[in-house]
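Subject: Structure handover

Hello,

Here is the structure I promised to pass on. Please open it first, then read the notes below.

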Protein chains: 2
Amino acid sequence: MKKIFFTPGPSQLYPTVVEHFQRGFKENIPSLSHRGKQFQEIYQDLDNGLRKLLRVPKGYHIFIVGSGTEAMERTIQNCVGKYSFHFVNGSFSKRFFVTAKELGKNPKSIEANSGQGFDFNTIIIPEKTELICFTHNETSSGVMLPEKEIAEVAKKYPQMLIAVDTVSSAPYADLDYRLIDSVFFSVQKLFGLPAGLGIIIVSPRAIKKAEKLLERGISTGSYHNFATLLKFSEKRQTVETPPVLEMYVLEKVVGDMLSKGIKQIRTETEKKAKLLYDFLDAHKIFSAFIEDNMFRSQTVIVVDVQKAKVDVKKKLSEKGFIVGSGYGEFKEKHIRIANFPAHSVEDVKKLIKELNLF
Amino acid sequence: MKKIFFTPGPSQLYPTVVEHFQRGFKENIPSLSHRGKQFQEIYQDLDNGLRKLLRVPKGYHIFIVGSGTEAMERTIQNCVGKYSFHFVNGSFSKRFFVTAKELGKNPKSIEANSGQGFDFNTIIIPEKTELICFTHNETSSGVMLPEKEIAEVAKKYPQMLIAVDTVSSAPYADLDYRLIDSVFFSVQKLFGLPAGLGIIIVSPRAIKKAEKLLERGISTGSYHNFATLLKFSEKRQTVETPPVLEMYVLEKVVGDMLSKGIKQIRTETEKKAKLLYDFLDAHKIFSAFIEDNMFRSQTVIVVDVQKAKVDVKKKLSEKGFIVGSGYGEFKEKHIRIANFPAHSVEDVKKLIKELNLF
């Protein structure tokens, strides 16, 4: 039986991924030296592609790391002497906060219940804050923060740095990078690659902050501190041997996405999300976990399945539709449906048809 | 023209790698949830396989990280409050030392010139040392430290922890793990995989040390500190989404190596190394950079090519033999030849034949 993976990452591979891997093997990409010219060209092409796809401002840097989770650590180490401030409304924003604690910083936070957004107008961020941390899309609960609100906060506190976790929303997320100092994501979500690669995009301000921390004698990490990442990325190299084949395939997928057009990808994402939410809002058994339309994720749709009184995930999997279980305490109560570029409108319609049989 | 990569990593892929990738794609491995049962089984099989192949003692833990370079950082963070001691005789052992500095520690070292080993009997390690760091095989210069000497040092200083970088020697390295507290390697060297995965094997003593550091309020890192790595690895999970497909393929290659037999792999490695060194010792133009037989690497053979007065690397590449250039200051003066399990005796003989034409 052919399976479709609607899991929120790792997920369905982007349709061209396997063929790019095959070609990569044929061209000996995995055996290339990461100190050679051919690797530099792959890195350069990837850099160009990502800049174009995400409209990365000039002067910003694109770094290769191991995962989105690593990117959290590197962002905190390099942008925070002592005080970060976190918008926490689920497991991944919480992890960002805990990361700061574990690294010996003194993070503050505003907490919302899982499944809730924030009342941005009422939040006052402490004066000493060096870095404000957002999780654009909470993969755990399916809450997406409006890009506009993130921008408003950034404008209100221009002296603070801004970090945005877009692990499960890039490249759908339409952020104004000029207002942001660290944006990061991993490749196994919307880019539809096998896991094993993270990307951080950092502003010149973030680089300066890292330099200042070093001057003050604060450790910003070793091989993946911003200074070292910058030194190597400027010559289109990486500090360590990176996942060269993954970078090659990512560059190809970014190319495919550019051919399709980011506007088209965003429109399709919203169309598919609307199909799902409209279905859920009208359904008797299933309902969307996120009620407030303003905070409904377009990329990870969380469904309350408690009324079904059967194992919905299992039943769906018997039909070849693999969805994610609920996160943490919601393991049995929710299912999570990824809505990524790898999922066609047809796939989503088929899934809805199947859900409608419950 | 068919190419053979004798580069010291990334290198020639192990002969079965592409076919394992194909199968992995067919079985939807990259789309599997890293919180699911199927992933746990892959992790468990990999753990079992590595334990068997490397004779890892009971009670030791196998952790998944991003690279050998990351493993250096994690080892220092979790095994050193203040004082590490480093055997430095090339770029990678130097990096281990610098990593400790960058992480705010106070490392000491004994330095040998590139291409030299150490006179182990005369070295006195400062009393306060918490961790002694060895680079078993210096990929930069082709010096391999005898396993016996590492063991002697470990026995002489039983109160200190021992770390051994086996990035370019595992699984050839025949170490007594019972004397060692952190051994790490990456997969793009002797295991012949595409880069993107690192393995750390740690002793119960190392775990205890990390716990003590945490108790003393010293940051041991965040998502990849030993405590967190242990918590997840015990349930056969990883903290972040790991390179699942790479782990799957590594498990398969470890299986292939077990079928072949580690003894056979070691014998063949030594046989091929002997072919190369015998050729070099008898040759008029080329010579082995490492003169002392005791320190000659069996896995990365460094050749002094200065007398050739031509670009040996380029000439070889025109015939399909891709070798590594010299490292750092030796870029033009040396070539580096990897002797990994992916390289057959026949491949090595062909390369020697080609070298003999100069």
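Start with B:Lys260 and B:Glu268. Their side chains form a salt bridge, with N to O at 3.1 Å. B:Lys260 is partly exposed, at a relative accessible area of 35%. Keep in mind that this is a predicted model.

That pair is one entry in a longer list. Over all chains, the whole structure has 36 salt bridges. In general, side chains of opposite charge can pair when their charged atoms come close.

Now look at chain A. A:Arg266 and A:Asp174 also meet in a salt bridge, at 3.4 Å from N to O. A:Arg266 sits in helix H9 (residues 262–282), while A:Asp174 is in the loop between strand E8 (161–165) and strand E9 (182–186), so the pair ties together parts of chain A that are 92 residues apart in sequence. How accessible are the two partners? A:Arg266 has a relative accessible area of 15%, under the 20% limit, so it counts as buried. A:Asp174 is partly exposed, at 37%.

Next, the interface. Chain A and chain B bury about 3400 Å² between them. Carbon and sulfur atoms carry 58% of that area. On the chain A side, the residues that lose the most area to chain B are A:Pro10, A:Phe25 and A:Ser31. Together they make up 16% of what that side buries. The contact involves 41 residues of chain A and 43 residues of chain B.

What holds polar atoms together across the interface? There are 13 residue pairs in polar contact between chain A and chain B. Three elements of chain A each give two or more residues to the side that touches chain B: helix H1 (17–26), helix H3 (68–79) and helix H4 (91–102). H3(A) gives the most, with five residues. By class, this side of chain A has 16 nonpolar, 18 polar and seven charged residues.

How many salt bridges are there between chain A and chain B? The count is two. One of them joins the side chains of B:Glu73 and A:Arg74, at 2.9 Å from N to O. B:Glu73 lies in helix H3 (residues 68–79) of chain B, and A:Arg74 lies in helix H3 of chain A. Are these residues buried or exposed? B:Glu73 is buried, with a relative accessible area of 0%. A:Arg74 is buried too, at 0%.

These two residues belong to a wider set. A network of salt bridges links A:Glu70, A:Glu73, A:Arg74, B:Glu70, B:Glu73 and B:Arg74.

Best wishes

Conventions
Residues numbered from 1 in each chain as written. Chains lettered and ligands numbered in written order. Predicted model: local features only at pLDDT ≥ 70, side-chain atom pairs only at ≥ 80, totals over all residues. Heavy atoms only, no water. Contact = heavy atoms within 4.5 Å. Buried area = accessible area lost by both parts, 1.4 Å probe. Salt bridge = Lys/Arg side-chain N within 4 Å of Asp/Glu carboxyl O. Polar contact = N/O pair within 3.5 Å; in protein donor to acceptor, adjacent residues only side chain to side chain. Helix = DSSP H or I, 4+ residues; strand = E, 2+ residues; numbered from the N terminus. Nonpolar A, V, L, I, M, F, W, Y, C, P; charged D, E, K, R; others polar. Buried < 20%, exposed > 50% of the residue type's maximum accessible area, 1.4 Å probe, protein only.
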